[in-house]
Amino acid sequence: MVDIGVNLTNSRFDKDREDVILRARAAGVKELLITGTNVLESRQALALAQQHQALYSTAGVHPHDADGVSDDYLEQLKQICLDENVSAVGECGLDFNRNFSTPENQQRVFQEQLVLASELQKPVFLHQRDAFPTWKGIIDEHLAKLHGGVSHCFTGTLAELKQVLDMGFYIGITGWICDPKRGQELYDIVRYIPLDRLLIETDAPYLTPKNIRPRPKSSRNEPSYLPFVADTLAIAMGIDKKQLITQTTNNARQLFQWV
Ligand SMILES: [Zn+2]
């Protein structure tokens, strides 16, 4: 299995980061893609990838961090991206859910990263929440030059799902689908995702799957819980879990060019 969304630089992993990686491996989660959410964390994510086999990283600025970028952040991201362990530009996108950064800054920083990804010919690791029309509008302007990508932690509607697929992106499914309350709509629409466009992720330490038994003592999510996402997703799609794992593993290796 491949977990394409692990926020392993998060301080909630400071005490046992190495154990978290070992537990993931023991659970059959071999490759991890470590998410970079700003310049500093992208650097830290890359350092982890350099230190561990089968760990890769992304480099980008999350929309929440758009207000805080320096004048030369793009140049810094570019330098980080030159390392072969960096497999995607991001996470980048728009989040109008809580607007931790102004919508104007979010849009500017998002556009600039799309240009960077085109220039570097790397896939994009996309975030979107409560901003679909604006997000799609910006991507559409750059789509012809982009080199693919994933709409990570997809939680949108069926209409949005179809548009993201039409744009050619992969769809990242998290433990959101394991939440019978918030995740019902997602559960009902995942069967519309073609198997060759599907990726799985934990988004750890966030979004702990609600179907873990026995229930973990900590609320912190970690990549070793990825099989619980795969379980629910396979049932929702009406497919064999082994087939789902093989296909999503191949998809990740193909998109991020690990083959
Ligand atoms: Zn995200």
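Donors are N, O and S atoms within 2.8 Å of the metal (3.2 Å for Na, K and Ca), and water is not among the atoms, so sites may look incomplete. The model on screen is predicted, with local features needing pLDDT of at least 70 and side-chain atom pairs counting only at pLDDT 80 or more, while totals for chains, interfaces and linings use all residues. Residues are numbered from 1 along each chain as its sequence is written, and side-chain values use heavy atoms, with hydrogens and water left out.

Select the zinc ion to begin: its protein donors are Glu91 (OE), His127 (ND1) and His152 (NE2), lying 2.1 to 2.2 Å from it, and along the chain these donors follow the spacing E-x35-H-x24-H. Because Glu91 lies in strand β4 (residues 86–95) and His127 in strand β5 (residues 124–129), the pair ties together parts that are 36 residues apart in sequence; strands (E, at least two residues) and helices (H or I, at least four) are DSSP runs, numbered from the N terminus. Glu91 is buried, with a relative accessible area of 2%, and His127 also counts as buried, at 13%, where buried means under 20% relative accessible area, exposed over 50% and partly exposed in between (1.4 Å probe, protein chains only).

Next, colour the strands, which form an open sheet of eight in the order β1-β2-β3-β4-β5-β6-β7-β8, with parallel pairing, where two strands pair if DSSP finds at least two bridges between them. The edge strands, each pairing on one side only, are β1 (2–6) and β8 (198–200).
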